[in-house]
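Hello,

Here is the structure I said I would pass on. My notes on it follow below.

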Amino acid sequence: MKTCHILGVPVQTGASRKGCIMGPAALRTAGLPDTLRQLGWDVTDLGDARPDQYQNVNHTNPAVHHLPDMVAWTSSLTRHALQMARTCDVPVFMGGDHSMSAGTVAGIAQHAAELNQPQFVLWLDAHTDLHTLHTTTSGNLHGTPVAYFTGQTGFEGLPPLAAPVDPHNMYMMGIRSVDPEEKRHARDIGVTVFDMRTLDESGVIRPLTHFLERVEHAGGRLHVSLDVDFLDPEIAPGGGTVVPGGITFREAHLIMEILHDSGLVTSLDLAELNPFLDVRGKTAHLLTDLTASLFGRHIL
Ligand SMILES: [Mn+2]
């Protein structure tokens, strides 16, 4: 039986709106752990992580806020993710705002390096989250994890990375809200971005299949990071940074089923669920159902 360890990550200080702290509780209420058990997985819910000891860290960019929180969460989550990756088949991280991924991906990538396998990341999000501490104008640090875990400069105060993810192994889908600095950065470092126009024109299957072939060919490990705002706000209202024109219900399930069929996914983030903004648990249920599709349930 394949094993899955689930960790709650109640972090909300990377976002401008409070509420993501309730994300893990909402996903448990929606039945995520039991849903995976019913699919034949050996599931262990590790409970919620806590941040490490806070340290006084400042930054020259006055917009940056809650940097000590991000530092404390990143060091804690890097350690947890590494340990989970060593001890189960597929770790799942229930957020929490997307700043969580600075730590989860850092730890996951460290494990891939131990195995001498390349780490790939599929970033499913309306945003590229490619700001550094210097380029962010909002100061919301959930807009920075990709730049951090791919080893970009501009993260003074954050833990040094054991194994940065090669930007050429980063694929992004669903992107439709990008700041000019991020656009330049994505091009410069070689991240592959399938924006909504590309997906409208070609559908989701071709770019995804192309990416999965690359992962398989390289003998890579694949982390999937799913942000609520990847999805259209009509079906997923429970996020603080929703953008119209997102992925539909059918597209989202199709993506998860293709990912499952590939057998390549080795870890998962569920980010940015804000139950305070959700409508009767709709988004928590959708994330649970999408995770079920990724773990082997076929519904369409
Ligand atoms: Mn995000």
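Subject of these notes: a metal site and a helix

His98 and Asp227 are both buried. Please keep in mind that this is a predicted model.

These two residues belong to the manganese site. The ion is coordinated by ND1 of His98 and by OD atoms of Asp125, Asp129 and Asp227, at 2.0 to 2.3 Å. Along the sequence the donor residues follow the spacing H-x26-D-x3-D-x97-D. His98 sits in the loop between strand E3 (92-95) and helix H4, while Asp227 is in strand E7 (residues 221-227), so the pair ties together parts that are 129 residues apart in sequence.

Next, H4 itself, which covers residues 100-114. At 1.5 Å a residue, its 15 residues should span 21 Å, and the end C-alpha atoms are 22 Å apart, which agrees. The helix is mostly covered, with 12 of its 15 residues buried. Among the buried ones are Met100, Gly103, Gly107, Ile108 and His111. After H4 comes Asn116, which has a positive phi, near 65 degrees.

What does H4 meet in H3? Met70, Thr74, Leu77, Thr78, Ala81, Leu82, Ala85 and Arg86. On the H4 side, the residues in this contact include Met100, Gly103, Thr104, Gly107, His111 and Glu114. The contact residues divide into 9 nonpolar, 7 polar and 2 charged. The axes of H3 (residues 67-87) and H4 come within 7 Å and cross at roughly 35 degrees, and the crossing is right-handed.

Regards

Terms used. Residues are numbered from 1 along each chain as its sequence is written. This is a predicted model: local features need pLDDT of at least 70, side-chain atom pairs count only at pLDDT 80 or more; totals for chains, interfaces and linings use all residues. Side-chain values use heavy atoms; hydrogens and water are left out. Helices (H or I, at least four residues) and strands (E, at least two) are DSSP runs, numbered from the N terminus. The expected span of a helix is 1.5 Å times one less than its number of residues. Buried means under 20% relative accessible area, exposed over 50%, partly exposed in between (1.4 Å probe, protein chains only). Donors are N, O and S atoms within 2.8 Å of the metal (3.2 Å for Na, K and Ca); water is not among the atoms, so sites may look incomplete. Axes are lines fitted to C-alpha atoms, for helices over the stretch in contact, and angles run from 0 to 180 degrees between N-to-C directions. A crossing is left-handed if the near helix is turned anticlockwise from the far one by less than a right angle, and right-handed if clockwise. Contact means heavy atoms within 4.5 Å. Ala, Val, Leu, Ile, Met, Phe, Trp, Tyr, Cys and Pro count as nonpolar, Asp, Glu, Lys and Arg as charged, and the others, Gly among them, as polar.
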